[in-house]
Amino acid sequence: MRKKFIKGFSVLEMLIYIAILVLMLSVIMNIVISVTRSGRIIKSLRNIENSAVLGLERIGRETRQAESVDLVSSILGVSPGQLVLKGTDALGNPRTIKFYLSSGALMFSENGVEVGALTQIEARVSNLVFRLFSGPNSQGIRTEMTIESGTSTHYRSDNFYSSAILR
């Protein structure tokens with residue numbers, strides 16, 4: 001007489017397989033959540049750094065090209081500050097440059113015409129201070145800026161400082 005072997009899985013084998021699959025699924029879900037969280041943090045940091053580099057570089061360049069600071073129109077030493085620079089363009093025409101905050105964005109205008117924001121849409125400038133410093137033969141501007149980006153769970157804020165001397 002031949003014995004019949006029943007093919008298939010026992011209940012114990014099925015429970016072991018299900019436990020292994022659940023464990024693998026939980027590890028994979030934790031990895032996906034971690035990668036998503038890291039991506040948001042990196043995006044916030046990139047927004048802050050790009051805004052700071054563009055804003056401070058433009059302020060520095062315009063300050064170095066300017067001939068003087070308009071002390072009447074500028075707001076120095078407090079936040080939100082405003083910097084108005086006077087100079088001439090390549091053709092010798094008078095040129096006025098203005099940096100200021102508007103709804104958390106660092107704005108730039110030339111000869112009264114708004115050029116646009118120097119910070120990214122996702123970044124917000126919460127502190128902008130311009131300080132005038134001078135020596136016996138030179139004058140310069142020190143810029144202090146705090147930029148924020150992100151959501152409540154992935155919020156980042158960094159301080160940036162720059163100095164430039166007028167020509």
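Reader: What do the side chains of Arg61 and Glu57 meet in?

Author: They meet in a salt bridge, with 2.9 Å from N to O. The term stands for a side-chain nitrogen of Lys or Arg within 4 Å of a carboxyl oxygen of Asp or Glu. By this rule the count comes to eight salt bridges. This is a predicted model, in which local features need pLDDT of at least 70 and side-chain atom pairs count only at pLDDT 80 or more, while totals for chains, interfaces and linings use all residues. Residues are numbered from 1 along each chain as its sequence is written, and side-chain values use heavy atoms, with hydrogens and water left out.

Reader: Where do Arg61 and Glu57 lie?

Author: Both belong to helix H1, four residues apart, which is about one turn of the helix. Helices (H or I, at least four residues) and strands (E, at least two) are DSSP runs, numbered from the N terminus. Helix H1 covers residues 11–65.

Reader: Is Arg61 buried, partly exposed or exposed?

Author: Buried means under 20% relative accessible area, exposed means over 50%, and partly exposed lies in between (1.4 Å probe, protein chains only). Arg61 is partly exposed because its relative accessible area is 32%. Glu57 is also partly exposed, with a value of 35%.

Reader: Which residue meets Glu62 in a salt bridge?

Author: The side chain of Glu62 meets that of Arg95, with 2.9 Å from N to O. Glu62 lies in helix H1 and Arg95 in strand S3, so this pair ties together parts that are 33 residues apart in sequence. Glu62 counts as buried because its relative accessible area is 3%. Arg95 is buried as well, at 15%. Both residues belong to a network of salt bridges that links Arg58, Glu62, Arg95 and Glu110.

Reader: Which parts does the pair Arg131 and Glu144 tie together?

Author: The side chains of Arg131 and Glu144 meet in a salt bridge of 2.7 Å, N to O. Arg131 is in strand S6 and Glu144 in strand S7, so the pair joins parts that are 13 residues apart in sequence. Arg131 is partly exposed, at 36% relative accessibility, whereas Glu144 is buried, at 13%.

Reader: Which residues touch the most other members of the largest nonpolar core?

Author: In soluble globular proteins, nonpolar side chains tend to be buried together. A nonpolar core is a set of buried Ala, Val, Leu, Ile, Met, Phe, Trp, Tyr and Cys residues joined through side-chain atoms within 4.5 Å. The largest one here has 22 residues, of which Leu83, Leu85, Phe99, Leu106, Phe130, Met145 and Ile147 touch the most other members. The elements that give two or more residues to this core are H1, strand S2 (83–88), strand S3 (94–102), strand S4 (105–110), strand S6 (123–134) and strand S7 (139–149).

Reader: What does Phe99 touch?

Author: Contact means heavy atoms within 4.5 Å. Not counting residues up to four places away in sequence, Phe99 touches several residues, including Arg58, Glu62, Leu83, Leu85 and Phe130.

Reader: Which backbone atom does the side chain of Thr119 lie 3.3 Å from?

Author: A polar contact is a pair of N or O atoms within 3.5 Å; within protein, one must be able to donate a hydrogen and the other to accept it, and residues adjacent in sequence count only if both atoms are side-chain atoms. A polar atom of the Thr119 side chain lies 3.3 Å from the backbone nitrogen of Leu106. Thr119 is in the loop between strand S5 (113–117) and S6, and is buried at 9% relative accessibility.

Reader: Which side chain is joined to that of Thr146 by a polar contact?

Author: The partner is the side chain of Asn159, at 2.6 Å. Thr146 is found in strand S7 and is buried, at 11%.

Reader: Which backbone atom of Asp70 does the side chain of Ser74 reach?

Author: The Ser74 side chain reaches the backbone oxygen of Asp70 at 2.7 Å and the backbone nitrogen of Val84 at 2.9 Å. Ser74 occupies the loop between strand S1 (68–69) and S2, and counts as buried at 9% relative accessibility.
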